[in-house]
Amino acid sequence: MAVCVAVIAKENYPLYIRSVPTENELKFHYMVHTSLDVVDEKISAMGKALVDQRELYLGLLYPTEDYKVYGYVTNSKVKFVMVVDSSNTALRDNEIRSVSMFRKLHNSYTDVMCNPFYNPGDRIQSRAFDGMVTSMMIQVC
């Protein structure tokens, strides 16, 4: 089950963070922010190859005892981070990639950016985006 979804700006501040068990929200915020170091390492290791191959999915960033953290980066360096409950053994790295959850998230993020009333860099407060994230978190269950 996806327990946290985050959209992080190019400058590494959160545009959107949604976590399902709200009592552990601070823990998930910490996990998302610590994963940004791994995202930066993977981006710098890929370097020019990231732009050439258009491979935006970063894969498993790091596993913990209870959760697995996956990452995705857009061409504009906006980062998507998803924390998945590792007790769900049926959900593997290939399933995360093949289900294209990050592509759905990216498409919804693009819809938010295309809204003429949204100021880029502000927190995302779109009901449509929030509904898509909620439905995506339920699908991962």
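Lys-77 is partly exposed, with a relative accessible area of 29% (buried is under 20%, exposed over 50%, partly exposed in between; 1.4 Å probe, protein chains only). The model is predicted: local features need pLDDT of at least 70, side-chain atom pairs count only at pLDDT 80 or more, and totals for chains, interfaces and linings use all residues. Residues are numbered from 1 along each chain as its sequence is written, and side-chain values use heavy atoms, leaving out hydrogens and water.

Lys-77 sits in the loop between strand 4 (67-73) and strand 5 (79-85). Strands (E, at least two residues) and helices (H or I, at least four) are DSSP runs, numbered from the N terminus. The phi of Lys-77 is positive, near 70°, and the residue is not a glycine. Most residues other than glycine have a negative phi. Asn-12, not a glycine, also has a positive phi, about 70°. The loop that holds Asn-12 runs between strand 1 (2-8) and strand 2 (14-19). Asn-12 counts as partly exposed because its relative accessibility is 29%.

Across the whole structure, the search returns one salt bridge (a side-chain nitrogen of Lys or Arg within 4 Å of a carboxyl oxygen of Asp or Glu). Arg-18 pairs with Asp-130, with 3.0 Å between the closest N and O atoms. The pair links distant parts of the chain, 112 residues apart: Arg-18 belongs to strand 2, Asp-130 to helix 5 (residues 127-140). Arg-18 has a relative accessible area of 28% and is therefore partly exposed. Asp-130, at 27%, is partly exposed as well.
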